[in-house]
Amino acid sequence: MTLVDPHGRRINYLRLSVTDRCNLRCSYCMPPEGVPKLSHAALLSYEDLLRTARAAIAIGVEKIRVTGGEPLVRQGITGFLKDLARLPGLERLVLTTNGILLPEMAGQLRSAGVESLNISLDSLIPETFHSITRGGDLNRVLAGIKAAESAGFPFVKINVVVMRGVNDAEVAEFAAMTLDRPYRVRFIEYMPTLKEGNWQALTVPAAEILSRLASRYTIEPVATDSLAGPAAYYRIAGAAGKIGIIAPVSCHFCRDCNRIRVASTGIAKSCLFSEGVLDLKPILAGGDEAALREALRLVVNTKPARHRLSAAVPAHAPVAMSQVGG
Ligand code: SAM
C-alpha cells in the first residue's frame, strides 16, 4: 500500500520513540535542568508500541526507526526489537543511539534484526564532547562504533549536529572518518528546538558546511534510495564512506519529508514542529485496530507542507527532542 500525504509526498517512515529518558544531557536537546521524567505508566507498553507499528505498516510504512530519549536505556529493548523486526511488511528496522551502551549491546541489536544504527557524535575532542553532552565519555561512543562494526553492521551512520563556535571547526576531521571506513557521517544543521533566542548564531547553514568541505576535499554527489531520510549524500573522491548533509533549517528538508513520529507517550506528530498532535493512547486503550490505522492516516493527512523554522522567532513551542523522539 502506498501512503501519500496531501502534498503528494510518499510517507513510508515512522520514527517510534520508546522512552523519554536518556543517559546524556546534550545541551541542544535538553535544558540544563533536564526534563521531568515521565512515569512508567505514561509510556506506551511494548505491546502498544508493537500495535502502533503494525497499524503503521498496514497503511504503508516500510521503515521504522526506534529512537528516544536513549532507546537502549529502556529495559527489555532487545526483545522488543526482535518482535518489531518480525512484523510482516516491515522492510527496514533501524535505531538511533548515543552509542554509550553500544559496547555491550551492539551484538544483541544486530541479532535482534536491527539493520543499521545512527550514532550521535558531536565532537571528537573529549573535553568538547563532555561539555556538549554534559558529562559524556567520548571513549564509550568510539568503542561503541567499533562494537557496531564488529557486530556486523554493514555501515554505521554518525550524526553530527554542527554548532558554530562549539564543534564546527571539526567538520573536516569528521569527514575524514569516511576516507578509510564505510561510515556515513551526516552533518545536521542545528535546529532551535528549545527555542533559544540566539539560535541563528549557532546554526551553520548546509551550504557553508559543504563549501568548507569542498575547500578541503574533492566531493561528489551520491544518489539515495526511496527509503532514505532527508539527507543529501556526497563522497570524498575515492573514500570508503559517504558524507550526508541534513538541512532542516536552510532548505528543502520538508520537500523530501517521508516521516511521521510517535512519541513514547503515544503522541503522534506529523511534523517535528507542528502544533497539531494526536494522542493515540485512548485509541490504543479502546482496542480497535481499524481506529488506530485511521488515526495514523489522519496524522499523515494533516502533515503541513513545510515547517516554519526559518522565522526569527520560531512559532513552535519548545520541543525537547528527548521527549518528542529525535
Ligand atoms: N539518544 C539518541 C541519540 O542521541 O541519537 C536518540 C535521540 S536524539 C534526540 C536523536 C537525534 O536528534 C540526534 O541525532 C540528535 O543529534 C538530534 N537532535 C536533537 N536536538 C537537535 C537540535 N536542536 N538540532 C538538530 N538535531 C537535534
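Predicted model: local features only at pLDDT ≥ 70, side-chain atom pairs only at ≥ 80, totals over all residues.
Residues are numbered from 1 along each chain as its sequence is written, and side-chain values use heavy atoms, with hydrogens and water left out. Local features need pLDDT of at least 70, side-chain atom pairs count only at pLDDT 80 or more, and totals for chains, interfaces and linings use all residues.

**The ligand site**

The ligand is surrounded by 19 residues, each with a heavy atom within 4 Å of it. The closest are Gly69, Glu70, Thr96, Ser120 and Met191. By class, this shell has seven nonpolar, 10 polar and two charged residues. Here Ala, Val, Leu, Ile, Met, Phe, Trp, Tyr, Cys and Pro count as nonpolar, Asp, Glu, Lys and Arg as charged, and the others, Gly among them, as polar.

Strands E3 (92–97), E5 (156–162) and E6 (184–189) each supply at least two shell residues. Strands are DSSP runs of at least two residues (E), and helices are runs of at least four (H or I), numbered from the N terminus.

| Residue | Part | Distance |
|---|---|---|
| Tyr28 | backbone | 3.2 Å |
| Gly69 | backbone | 2.9 Å |
| Glu70 | side chain | 3.0 Å |

Taken alone, the ligand exposes 550 Å², and the protein buries 95% of that. These areas come from the Shrake-Rupley method with a 1.4 Å probe.

**The helix pair**

The axes of H1 (residues 46–59) and H2 (residues 77–85) come within 11 Å and cross at roughly 25 degrees. Axes are lines fitted to C-alpha atoms over the stretch in contact, and angles run from 0 to 180 degrees between N-to-C directions. H1 and H2 are therefore roughly parallel to each other (angles under 35 degrees).

Conventions. Polar contact = N/O pair within 3.5 Å; in protein donor to acceptor, adjacent residues only side chain to side chain. Parallel < 35°, antiparallel > 145°, perpendicular 65-115°, else oblique.
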